[in-house]
Each structure stands twice: as C-alpha cells, then as structure tokens.
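The entries follow the order in which I made them.

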Amino acid sequence: MAFMKCCFESELPDFLESVVQKCTDPGCCCGCCSALRPRYKRLVDNIFPVNPQDGLVKNNMEKLTFYALSSPEKLDRIGEYLFQRASRDIYRRRNGFVIIAMEAMDQLLVACHAQNLNLFVESFLRMVQKLLESTEPKLQVLATQSFVRFANIEEDTPSYHRRYDFFISKFSSMCHSNYSEPELRDKIRLAGIKGLQGVVRKTVSDDLVENIWEAVHMDKIVPSLLFNMQNLRSMRGKGAKGEGSRGKADMMAEEDDADDEVDEEDEVEERSDPPTLAETCMRELVGRASFGHIRAVLRPVLRHLDHHELWVPNLFAIHTFRIIMFSIQAQYSYTVIETLMAHLDDNSKASPKIRTSIADVLSKIISIAAGESVGPSVLEIINSLLTHLRQSVMREVPSRVAEEGNAGEDESVEGEGYEEVGGDERQYQEALINALGEFANHLPDYQKIEIMMFIMSKVPHTGAEQARQHHHHRHHHRRGYTGPGDALLQNILLKSLLKVGTKYRTLHFNTTFPLSFLEPLLRMSLAPDPTVRLLVQQILHTLVDRHHNLDKLLKPTINVADLDLTLEKCSRPDIIFARKHGPAMHSSLHESLEQPGNTAANVEAVYTTVALMCTELACEDTVADFLRLLISVQDTALTNATLSTVHKYYLHSIVMSLFILVAHAVPIPPIMEYAHKVATSREEKAPHLLPPLLENYSEVIVDEVESSSSSDTKSGATISPELLLDQAQLAEHLIGAGFDPARLHQAPSYPGLPRHSWVDSSAAMAAAASTGIRSSSSVGADLNSLSADADSTASSPGMQRKHPGEEMTFEAIKKVLSDSWEKEREGEEEERCRKLCQTFRNADFDELVSRTQTKQNDALQNKLNEIFGRLSTAVGHPDNMMGRSPPPQLIAASSSPFLGRLHQRRSSGGQGTLHNNSNSPPPAYEILFPELFVY
C-alpha cells in the first residue's frame with residue numbers, strides 16, 4: 001500500500017509520511033518506483049533536500065534547468081508539479097519547502113524564454129496567488145518579490161486571457177496593512193507597493209492585455225499609494241519643514257530617478273520606507289499615462305483628498321499635485337489644470353476655506369503647465385479663473401453690505417459671521433489672483449498682452465455718458481453703478497490685471513498699449529472709486545516703467561538729481577507713440593487729478609505715472625507737451641473752486657516736482673535755472689507748495705488762504721506770481737534754447753479746462769504779441785485758423801448759416817442733425833432755377849437791368865463799405881479809398897459770395913496795385929454780371 005501511494009502521490013496518513021519522503025529519494029529501497037515515474041517529476045523532487053533548512057539543492061536545480069531548456073514543452077508540467085507540491089506544503093505549513101519551490105520557479109522563469117512560456121506563467125501566477133492568500137506575512141512578501149521579478153521580464157507574446165484583478169486587490173489591501181508591529185507593517189506595505197508597481201509595469205507596456213486604466217483598478221491603486229504618501233507627511237511633522245525644503249530641482253531629480261526603471265530597481269528595492277517608494281510608484285504611474293488616461297488617475301486623487309478632508313491644510317495636496325505635474329508628460333500638463341478647475345467648479349458651494357485651499361494648490365502648480373499651454377487653452381483657463389473671481393465677488397457682496405450697515409453700530413453675532421465669511425472670501429480671491437499671476441508669468445509676452453486685454457474686457461465700466469455725468473455732477477459719488485458688486489468686481493479684476501502686469505516686461509509702448517487696451521484703461525482711471533483709480537495708476541506704473549525707476553519715483557521730491565534715475569534717449573517708435581497717444585494719456589491724467597475724492601495716495605500715484613512717462617518719453621519733441629500738461633494742472637489748482645485747499649496744495653507740489661524732473665530729463669539750461677529759481681522762492685515763501693504731501697497742513701496756512709480766497713476771486717490769487725510757472729517765460733526759454741513753443745501755446749483739449757472761443761484766442765494772441773515771444777509760424781497758424789473759421793460755414797456743403805436771432809436749443813440741434821439737407825437743398829435749387837428761368841423768359845429788358853443794379857439803401861452794401869474801409873486803413877494806405885465807397889458795380893458783383901471773397905483777397909493782397917490803378921475802370925464782367933450766370 002505504501003508502494004502504491006508513493007508512486008501515485010495520493011494523500012497519506014501522518015504515520016506514513018516518512019515512507020513517502022524516502023520514496024522521493026534516489027536511494028529509496030523502492031528502486032522500481034523511481035524508474036516508473038516521469039523524469040521531470042524525479043528532477044523536481046531531487047531539488048528538495050531532506051532538511052528544508054539546507055535550502056535548494058543547486059546541482060539538482062541545474063539539472064532541472066538544463067532539462068527545461070532542452071525540452072521546453074515540459075515547462076507547463078514542471079510548473080504544475082511544483083504548484084502541487086507547494087500547495088501541499090502550504091496546507092501542511094511546511095513553509096521551508098514552500099520557499100524552496102518558489103525559488104525554483106523563479107529560477108526557471110528567469111532562465112527559460114521559450115515561445116510556450118505562457119503555459120509555465122499560468123502555474124507561476126497560481127502559485128503566487130496561493131502564497132498571497134496565506135495568512136503568513138513571510139509568504140506574502142515572498143510571493144510579492146517573485147511577482148516583481150516576473151513583472152520585469154519582457155515576454156515575446158502577450159497573453160490575452162491573463163487577468164490581474166486578484167493581484168491588484170491583494171496588493172492594495174497589503175498597502176493598508178495595520179499590523180501592530182511597525183517593522184512587520186512596513187514590510188507588508190512595502191511589498192504591496194512593489195506589487196502594484198509590478199502590475200503597472202506588466203500591464204501598461206502592452207495595450208493588448210487587460211486595461212489597467214479602468215476606474216475599477218485606479219480606484220484601488222491610487223488611493224493605496226496616496227495612503228502611504230500621506231503617512232510620510234505625518235511622519236515628517238505634517239510636512240511643514242519638508243515641503244518648504246523641497247524645491248523644484250529636488251522633485252525633478254526624483255522624477256529622473258523614477259524614469260530609470262531597470263537601472264535603479266535594486267536601489268528602489270533596498271528602500272525600507274513605504275512612503276518614499278509610494279511616491280516613486282506614483283510618478284511612474286503618472287508618467288506612463290497617455291492623454292486619455294490622465295483623468296483616470298486624477299479623479300481618484302481628488303476623491304481621496306475630499307473623503308479624507310486633506311484640503312485644509314493643503315500641504316499634502318500641494319505635494320501630491322507637484323509630483324503629478326513633474327511626472328506627467330509635458331504636453332498633457334494643462335489637463336491637470338483643467339481637471340482641478342473642474343473640481344473647483346464642483347466645490348463652488350463648499351466652504352471658503354476648502355475653495356481657498358484648492359485655489360492655492362492651483363497657484364502652486366499652474367506655472368508648470370503654463371509653458372505648454374497654447375491657443376484656446378490659455379484663454380479657457382483665464383476665463384475660468386475670472387469666472388470664479390466673479391462668483392466670489394457676488395458671494396462677498398452681502399458681507400460687504402453687512403459691514404457697511406454695521407459701521408458705527410455694535411457688532412452682533414450675525415455681523416461677526418458676515419465678517420468671517422468676507423475674510424475667507426478675500427483669501428480665496430487672493431489665491432485665485434496669485435494663480436492667475438503665476439500662470440501668466442510663464443507665458444510669452446504676446447500672450448500676456450492678450451490676457452490683460454481679456455481681463456480688461458471683463459471689467460464693468462460706467463459708460464462714457466455716465467463718466468461725463470460724473471465729471472459734471474461730482475456730488476453723486478456712486479453714479480453709474482448698479483450696486484456695490486460692480487465696484488468690488490472692478491477692484492478684484494484690476495488686481496488680477498495688476499498681477500499679470502507685474503509679470504510683463506515692456507519693450508515697446510505701441511506693443512504694450514494697443515488702442516483696444518489703452519482706451520478702456522484710461523477710461524477706468526476716471527472711475528468714481530478712489531481705490532479703482534489707484535489700481536489703474538499702479539497698472540500704468542508697472543507697464544510704463546522699463547528702466548526700473550518706479551521705486552525712486554513713488555514720492556514727489558524736488559531733489560531729482562539725488563535719485564540716480566536711469567535715462568535713455570527716446571527712440572523713434574516711442575516718439576510716434578507719444579504723438580499719437582500722448583494727448584489722450586495727458587488728458588486722462590489731468591482729469592484724474594481733478595477728482596474731488598482723491599487722497600494723497602491717488603495724487604502721488606498720478607505723479608508717479610507722469611514721472612515715469614517723463615523718464616521714458618521726454619525728449620526734444622515731447623518736452624513742450626509735458627510743460628503744457630504742468631501748466632494745465634497748475635491752472636486747475638488756481639481756478640477750480642470745487643477742490644479743497646489741501647488738494648490744491650497737492651497739485652502745486654507735484655507740478656513743481658514734475659517741472660524739475662522734466663528739466664532734468666531734457667537738460668535745457670534756461671529751463672533748469674528757471675525751475676531752480678521757482679523752487680527756491682517756494683522754499684522761502686511757501687514751503688507748503690512743495691513736497692512731501694501731507695494729510696493735514698498747518699492750520700494757520702489753511703485759515704489764511706481760505707480767508708483770502710473768500711475776499712478775492714476764488715482763483716488762487718493769493719499765491720504770488722513768482723511762485724508759479726509762467727507760460728510766457730517758459731516759451732521765452734524754449735525759444736532761447738532753439739525750440740518751437742507753438743505746442744506750448746496750443747489750447748489743451750483736457751476735459752477739465754474751459755474751451756476758449758475765438759475771442760479768447762484773439763486776446764491771447766494780442767497778449768503774446770505784446771510780449772514778443774511768439775514765433776512767426778505760430779502767428780501764421782492762428783491767422784489761418786481764424787480765416788478757416790470765418791469761411792467754414794460758407795464753404796461747407798449741406799450746412800446753412802444760423803442767424804443770430806435763432807435760439808440754440810437741443811431740439812434745434814437735433815433737427816439740424818436729423819434733417820436731410822441734401823434733398824432739401826436740391827429741391828430749393830430746382831425751384832430757384834425754375835423761377836429764374838421764368839423771369840428771364842417773360843420779363844422785359846428794363847426789369848432785368850434793374851435786377852442787376854445795386855440797391856443804394858441795402859444794408860449789406862453799407863456793411864461791406866465799412867469793412868473795406870477798415871481793411872484799407874489797417875493796411876496803411878490812407879489815400880486808398882479813404883472816405884470813398886467802392887464802385888457800386890463792384891459791390892453789386894460782390895453780393896455773390898465768390899466775388900466778395902475775390903474782392904477781399906485782391907484788396908488784402910494787392911494793395912499796391914489797387915493804389916496805382918484806382919482810377920482805371922473795372923472790367924466789364926465785374927460791372928454788369930447778370931445774376932443768372934452767377935449761379
């Protein structure tokens with residue numbers, strides 16, 4: 001019976017165990033049993049020693065390996081027999097022989113690379129599964145090590161029927177091992193992580209095997225890795241110091257280490273730290289993911305962070321997403337940003353702290369993806385960030401209203417709750433703005449300009465009419481706004497624009513300030529909210545400053561030489577930009593200074609803007625424009641009665657500072673001497689008209705000025721002329737330096753100044769002529785402008801001259817603009833020609849002659865006689881037509897506008913000819929010219 005059971009390997013009682021063991025030995029007394037058994041079974045039995053502590057019999061193992069290589073068709077039987085022996089030993093808890101069987105299978109697996117290796121692999125995996133199912137941690141670790149060796153083998157032909165569901169589940173459960181002994185727990189977790197790494201390596205490399213990227217597998221693998229990585233953060237003191245010490249270079253170095261899979265395998269296996277190995281496995285998993293599989297990895301990550309409440313604090317979340325961003329393929333990095341933005345959308349109703357943490361994670365990793373984002377993906381990310389900002393502002397509005405309502409009252413519990421919510425929302429907004437700035441920082445300059453234009457298009461405006469209405473009705477501080485949300489949204493979006501602007505480096509102004517961006521920015525500089533105006537000026541500071549002079553020009557000063565400014569010669573494109581957009585920018589800055597709600601910070605910000613423009617654009621071609629701006633600001637301080645006394649002091653102070661800066665930027669010796677003279681006079685007599693800008697000036701000075709302004713003309717006449725900039729002296733100094741002061745005398749088109757009529761222009765010309773400082777070109781230009789104004793109405797087609805008696809009302813102007821003058825004029829012309837033709841056909845000769853004769857009592861004739869007499873006197877020919885009226889025929893002919901102007905040009909340009917030939921008869925075509933031919 002012992003012989004039969006020994007040969008056929010049946011179950012034996014315990015007392016016959018020794019006999020069966022002897023039968024497997026070649027020296028067994030039953031020699032006929034060994035001869036009847038297959039050779040592969042005898043070779044397999046020979047590798048097991050009598051005592052399991054002796055280990056694998058190497059000589060016999062070499063024989064078995066040679067047999068397997070010589071007869072590869074026997075591999076599947078060898079594997080099946082080894083599995084049977086190992087299963088029996090596991091059942092009988094003979095772990096020593098199990099270890100020997102597993103070692104033999106490992107050596108056969110590594111040595112044999114036949115086409116039919118798949119048959120042996122099935123037995124190998126069954127044996128690994130059998131060991132993993134055991135409750136012995138030692139056997140589980142052994143099975144994991146064997147599986148990792150198998151995973152590193154590249155098979156020639158894939159196995160389509162092989163599945164790894166059990167291994168994924170088992171290795172994931174090992175990653176969550178909770179043994180009480182730390183050393184044993186770490187060993188099992190380490191084995192589980194290695195097993196997952198082996199599964200990933202075995203399945204990802206071949207698309208024909210089981211899809212490891214399915215949600216059912218990723219929901220097990222990713223949380224298991226994160227669980228161990230999370231323990232790393234706790235072991236390092238919650239990662240406060242570790243996260244701060246880990247830089248991008250360190251993480252990139254770890255990423256490079258993870259890429260060298262085979263070469264660094266031994267080093268990885270030697271690591272006894274499960275969290276570190278989990279990070280390596282996570283990098284490998286993300287690095288192998290293609291575009292369609294990235295979200296399959298990210299969704300379990302986000303779900304794990306949500307379920308375990310790991311967003312607050314967000315140190316572990318930042319660490320995890322940095323690992324993902326540095327491991328993912330560069331062209332897919334923006335997909336992580338999109339997924340995180342979508343998760344932020346899903347948590348739009350979550351607490352502000354959670355949203356702030358998510359936005360903070362976004363700001364930490366968004367710069368990594370910016371370099372690979374092109375095309376629509378850039379604006380999609382920016383638009384999503386702006387959308388979240390807008391939603392946050394809408395949530396903050398109730399808290400802002402509650403704060404304003406509780407101002408001056410006792411704070412209630414509800415008010416404190418609103419204040420806490422508002423503070424959390426502001427932190428959330430700051431996190432989004434930081435994310436926006438970090439994203440823009442790594443984009444090319446042309447995309448930064450597009451982003452700034454895109455953000456500017458999202459800023460709510462008051463509208464042009466409302467802005468002008470605000471300018472004329474300054475007591476309506478909030479006019480044009482639909483609610484407090486608009487002002488708050490303006491503030492937040494402009495902060496975002498400022499954040500992007502700080503990342504941009506200006507090279508050419510025409511590129512930085514396209515018209516579609518400059519116009520709304522200047523319009524926003526006139527917003528009713530002083531905070532918004534201050535933000536706009538700060539944006540201009542960032543974009544205008546090309547030579548890093550901003551820190552030196554933040555405060556007004558008259559000691560410009562001590563600032564050590566960086567000045568360069570203005571280029572030709574900059575001069576073209578200054579000529580094209582300079583007036584609009586000067587106009588906006590001038591009107592910004594007129595805002596009654598300005599604080600010292602607002603005035604200083606405008607000063608900084610003008611000072612930076614002066615350092616960048618001041619040259620011989622633009623110096624007159626800057627001086628004209630300063631004169632206009634000074635006139636505003638003198639004539640604007642709505643400004644407070646302190647506000648006027650502010651304007652006088654920055655005018656003096658900017659005047660000295662202009663003289664320093666464009667060194668004109670007479671101007672520099674004049675600036676020094678005015679500054680010295682102010683230091684001696686009116687130091688309050690010099691910087692720095694103070695919140696409260698001396699009460700004595702304020703009372704004195706207010707009392708004098710009440711008795712005088714509210715025009716600032718209390719300030720001595722020697723303390724002000726004199727336009728006449730400036731023009732004289734410019735002429736002395738070889739500059740044309742014509743642009744200095746041009747009436748500025750700034751909205752805050754009254755528009756001068758031709759009477760004012762004539763008075764100004766007369767005053768300038770008395771001082772003798774105007775150039776011939778400017779005088780000629782003014783004369784031409786006057787003549788053009790005189791003839792503009794007569795020469796404009798479709799326009800009729802308005803009689804003085806007509807009332808200029810809104811309805812009259814509307815009628816003029818809405819009527820169809822062309823059709824009406826054509827109808828009148830046709831009717832007039834018809835009547836004239838009828839008259840000349842039917843009337844007699846005497847009547848026709850009388851129609852061409854001059855009417856002596858005509859008022860027009862008398863008026864023309866008076867005008868011609870004055871012209872003759874002004875030219876200096878007392879004998880020419882003095883006391884005499886022009887010939888009646890000439891006056892009659894001059895009733896036509898064309899002939900009248902012809903006579904005016906002859907009388908003004910050819911006086912000598914008329915004087916010498918005054919007695920010669922006029923030509924026949926001027927004496928008798930029928931009215932029919934005039935028209």
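**Entry 1: two loop residues.** I began with D564, which lies in the loop between α28 and α29. The model is a predicted one, in which local features need pLDDT of at least 70 and side-chain atom pairs count only at pLDDT 80 or more, while totals for chains, interfaces and linings use all residues. Residues are numbered from 1 along each chain as its sequence is written, and side-chain values use heavy atoms, with hydrogens and water left out.

I noted that helices (H or I, at least four residues) and strands (E, at least two) are DSSP runs, numbered from the N terminus. D564 has a positive phi near 55° and is a residue other than glycine. I recorded D564 as exposed, at 61% relative accessibility; the scale is buried under 20% relative accessible area, exposed over 50% and partly exposed in between (1.4 Å probe, protein chains only).

H548 also has its place in the loop between α28 (530-544) and α29 (572-594). Its phi is positive, about 60°, although H548 is not a glycine. With a relative accessible area of 66%, H548 is exposed. I noted for background that most residues other than glycine have a negative phi, and most peptide bonds are trans.

**Entry 2: cis peptide bonds.** I looked up the bond between V312 and P313 and found it cis, with omega about -5°. P313 is found in the loop between α17 (294-307) and α18 (315-327). A cis bond also leads from P691 to P692, with omega near 10°. The place of P692 is in the loop between α33 (669-685) and α34 (699-711).

**Entry 3: helix α17.** The 14 residues of α17 should span 20 Å, and the end C-alpha atoms are 21 Å apart, which agrees. Which residues of α17 are buried? I listed I294, A296, V297, L298, P300, V301, L302, H304 and L305. After α17 comes E309, with a positive phi near 55°.

**Entry 4: helix α31.** I made the same kind of check on α31 (residues 623-639): its 17 residues should span 24 Å, and its end C-alpha atoms are 24 Å apart, which agrees. Because 15 of the 17 residues of α31 are buried, this helix is largely enclosed by the rest of the structure.

**Entry 5: the nonpolar core.** I took a nonpolar core to be a set of buried Ala, Val, Leu, Ile, Met, Phe, Trp, Tyr and Cys residues joined through side-chain atoms within 4.5 Å. The largest has 215 residues, of which M282, F321, L494, F513 and F659 touch the most other members. Helix α32 (residues 645-665) gives the most to this core, with 12 residues.

I then followed M282, counting as contact any heavy atoms within 4.5 Å. Apart from neighbours within four places in sequence, M282 is in contact with V222, L225, L226, M229, V297, V301, I323 and I324.

**Entry 6: cysteines.** How many disulfides does the structure hold? I found 0 disulfides, a disulfide being a pair of cysteine sulfur atoms within 2.5 Å. The sulfur of C175 is 8.0 Å from the closest cysteine sulfur, that of C281, too far for a bond. C570 is in no disulfide, and the nearest cysteine sulfur, in C619, is 4.4 Å away. C175 is buried at 0% relative accessibility, and C570 is buried with a relative accessible area of 10%.

Entry 7: R201 has its place in helix α11 (residues 182-204). I recorded R201 as buried, with a relative accessible area of 12%. Its side chain makes a polar contact with the side chain of N152 at 3.2 Å; such a contact is a pair of N or O atoms within 3.5 Å, where, within protein, one must be able to donate a hydrogen and the other to accept it, and residues adjacent in sequence count only if both atoms are side-chain atoms.

T387 lies in helix α21 (residues 376-406) and is partly exposed, at a relative accessible area of 27%. T387 and K458 are 71 residues apart in sequence and 9.7 Å apart in space, C-alpha to C-alpha.

**Entry 8: the whole chain.** Of its 935 residues, 45% count as buried.

Note on methods
Expected span 1.5 Å × (residues − 1).
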